[in-house]
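Colleague: I am new to reading protein models, and I would like to go through one slowly with you. Could we take one kind of feature at a time, starting with charged side chains?

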Amino acid sequence: MKILFNKLIKTLIIVIILFITISNGSEMKGSSATSHIPATATASTTTISTTINEMNEKQKLYSPREIHLALTNKDDEMVVTWITKDRINQPIVYLFKGDCSVVTSNINNNNNNNNNNNNNNNNEHNSFNISIGKSIVYNGLEGYVHSVTLNNLEFGKTYCYSVGSGNIYRSDIKGLVNQQQQNNNNNDNDNNDNDDNDDLLRWSKWISFKTKSNEIDHVTFGAFADSGTWGDVHEVVASMCRDESLTLAIHGGDLSYGLKEEVWDTFGDIIEPLASRMPFMVIPGNWDVKEGALQPFVNRYPMPLVYKQPTIEKKRISATASTASITTLQTNPNLYYSFRYTHVYFIMLSSYDPYSIGSLQYKWLVSELELANTMRQQYPWLIVIAHSPMYSSSTGHGGSDIGVRTQLEWLYDVYNVNIVFSGHDHGYERTHPVLAEKVLKMNHNSQYKSKDGTIHILGGTGGATADPWFDEQPNWSAVRESTSGYTKFIAHKQTLQVTYLRMNGTLGDHFQITNEFPTLDSIKSSKIFSHNNVNSNPSEHTGVFLLFFALIVFVFPICAYYKLPHLIFSSLVPKPMISNKSMV
């Protein structure tokens, strides 16, 4: 009622000012109109202007921006994160199970009911729930990062939410929230002294999202990498927003290319229309781990990391001709994790944490691949996301990352990884099923089976300036082009359809994999056992080498000198018997 009264008063003042201006203007006969406006009207205009400026300033400080969603390690949860430029008392999320059109209709009906002193609510009103989260600040950020976890979400449902702060019962929705929550949180209102106008400035618009479908349905998601804040990123985000079938967005690294907070602010504003209406899951690119970028990457985009804190390990630097070997301490942010989404098991790797055999990430990767293969009936599709590409014919960073390929490719073959999606180089390229640059299946109809081998997708198409290609296209490369867009996946239990869509909506590539419910066979199991026993522990390599060295250098020469092999052989072989007949 208070808001409506204030709006009526302001509207009435403006109407009076306009009426006086028009009336005086008809009598001026060419003289200045402002000279005939009464002093009281001028004062009212100044008051209104001042009030609007104050409201705009408060909006800049307290209004939520850069809103985005992310999954957690629980199937029924999602976390909402946003930024404000000033401190707030507590971050709050209003959640409604249903479409946002129902929410706005309920709010309008509620306001009308209040105006008519009618407090009757329908059953839908009681579907509103309130969640309260936490705020953090980190070095370099002129503002605050707020996160709220939404729980008890149902599969395949549409939800509507709004984030903000201030009064826990916002002025436009009082009476619509769950009554039990009102009873539990009545004391929270005592700490808030904002009026209704200020309260509404602290809240976002109503935004909808849909939770992942259950296992009987298909799921659709989009992936891209290498965005930045220039180039085609706006068009790529807009094209993904127009695709209403998407329920998940994956970014393969190099989000903003920014080393300053304001660049991350710009990227957050660009990506918000997409990331605020579906989970936005990210991995680090080389630009995201640079000084000035790592803190905003980690804190603004919280992911369900395996290790919540960085780890410190010793790193030995080998001796050179002029220096002795030294041991230093290395900090690893451990920016890797996994999650499951309907029919898909995602492994999100960090190309910028150690991944060589025996490293923490390598051991975790092996355990995840083993677990994923025990769950292929429920999650038939195994997809790895990693920024640095194993296969690329782009000149952007010198082509394929041979180091990553040497360490990890055999694992992907052993554990039947279906897709490896990467970025780093700016362009789109897709391989045939390939292993060690050998094409395992050449199919010009782009129809594959899940046991044909791993297909690699270079998806650095998020908007950054395209890189050129090497002149000769390798035989393992099926498709490549220099455009911007996103890769769309439609995962059924029996098929995985993959399409590259340019930002203008045209088709760049399409292929399909048919699921054969792959399991580890005895041959591949023996490969795992052999490799783990030979290569998993570097200290075992050293012991085997020293034993072999000792045999060659010491044991064998000593045995030869004392004719030990001859003596041993003589003792084992019986002497021939001499017959008496032969002596006759």
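This is a predicted model: local features need pLDDT of at least 70, side-chain atom pairs count only at pLDDT 80 or more; totals for chains, interfaces and linings use all residues.

Colleague: Which salt bridge do the side chains of Asp265 and Arg300 form, and what distance is given from N to O?

Modeller: The side chains of Asp265 and Arg300 meet in a salt bridge with an N to O distance of 2.9 Å. Because Asp265 lies in helix H7 and Arg300 in helix H8 (residues 294-300), this pair ties together parts that are 35 residues apart in sequence. Asp265 and Arg300 are both buried.

Colleague: Which residues are linked with Asp265 in a network of salt bridges?

Modeller: The network of salt bridges links Arg65, Glu66, Lys85, Glu261, Asp265, Asp269 and Arg300. A search of the whole structure finds 12 salt bridges. Another salt bridge joins Glu481 and Arg502, whose closest N and O atoms are 2.8 Å apart. Glu481 lies in strand E23 (residues 477-481) and Arg502 in strand E25 (residues 495-502), so this pair ties together parts that are 21 residues apart in sequence. Glu481 is buried, with a relative accessible area of 13%, while Arg502 is partly exposed, at 22%.

Colleague: How should I read a helix that has buried residues, and which residues of helix H6 (residues 233-242) are buried?

Modeller: An α-helix has 3.6 residues a turn, so residues three or four places apart point the same way. In helix H6 the buried residues are Val233, Val236, Val237, Ser239 and Met240. Seen down the axis of H6, these buried residues fall within an arc of 160°, so they line one face of the helix. They pack against strand E9 (219-224), strand E10 (249-251), helix H7 (261-275) and strand E24 (485-491).

Colleague: Turning to the aromatic rings, how many aromatic pairs are counted?

Modeller: Two rings count as a pair if their centres lie within 6.5 Å, and planes over 60 degrees apart make the pair edge-to-face. The count comes to 20 aromatic pairs. Phe128 and Trp206 have ring centres 6.1 Å apart and planes at 70°, so this pair is edge-to-face. Phe128 lies in the loop between helix H3 (100-115) and strand E4 (129-132), and Trp206 in the loop between helix H5 (196-201) and strand E8 (207-210), so the pair ties together parts that are 78 residues apart in sequence. Phe128 counts as buried at 0% relative accessibility, and Trp206 counts as buried at 15%.

Colleague: Which residues form one aromatic cluster, and which ring has Arg202 over its face?

Modeller: The cluster is formed by Phe221, Tyr337, Phe339, Phe346 and Phe489. Arg202 lies over the face of Tyr62, at 4.1 Å from the ring centre, and Arg405 lies over the face of Tyr391, at 4.2 Å from the ring centre.

Colleague: To end with the protein as a whole, how many helices and strands are there, and what percentage of the residues is buried?

Modeller: The protein has 13 helices and 26 strands, and buried residues make up 47% of its 584 residues.

Terms used. Residues are numbered from 1 along each chain as its sequence is written. Side-chain values use heavy atoms; hydrogens and water are left out. Rings of Phe, Tyr and Trp (its six-membered ring) pair if their centres lie within 6.5 Å; planes under 30 degrees apart count as stacked, over 60 as edge-to-face and the rest as tilted. Helices (H or I, at least four residues) and strands (E, at least two) are DSSP runs, numbered from the N terminus. Buried means under 20% relative accessible area, exposed over 50%, partly exposed in between (1.4 Å probe, protein chains only). A charge sits over a ring if NZ of Lys or CZ of Arg is within 6 Å of the ring centre and within 35 degrees of the ring normal. The arc is that of the directions from the helix axis to the C-beta atoms. Contact means heavy atoms within 4.5 Å. A salt bridge is a side-chain nitrogen of Lys or Arg within 4 Å of a carboxyl oxygen of Asp or Glu.
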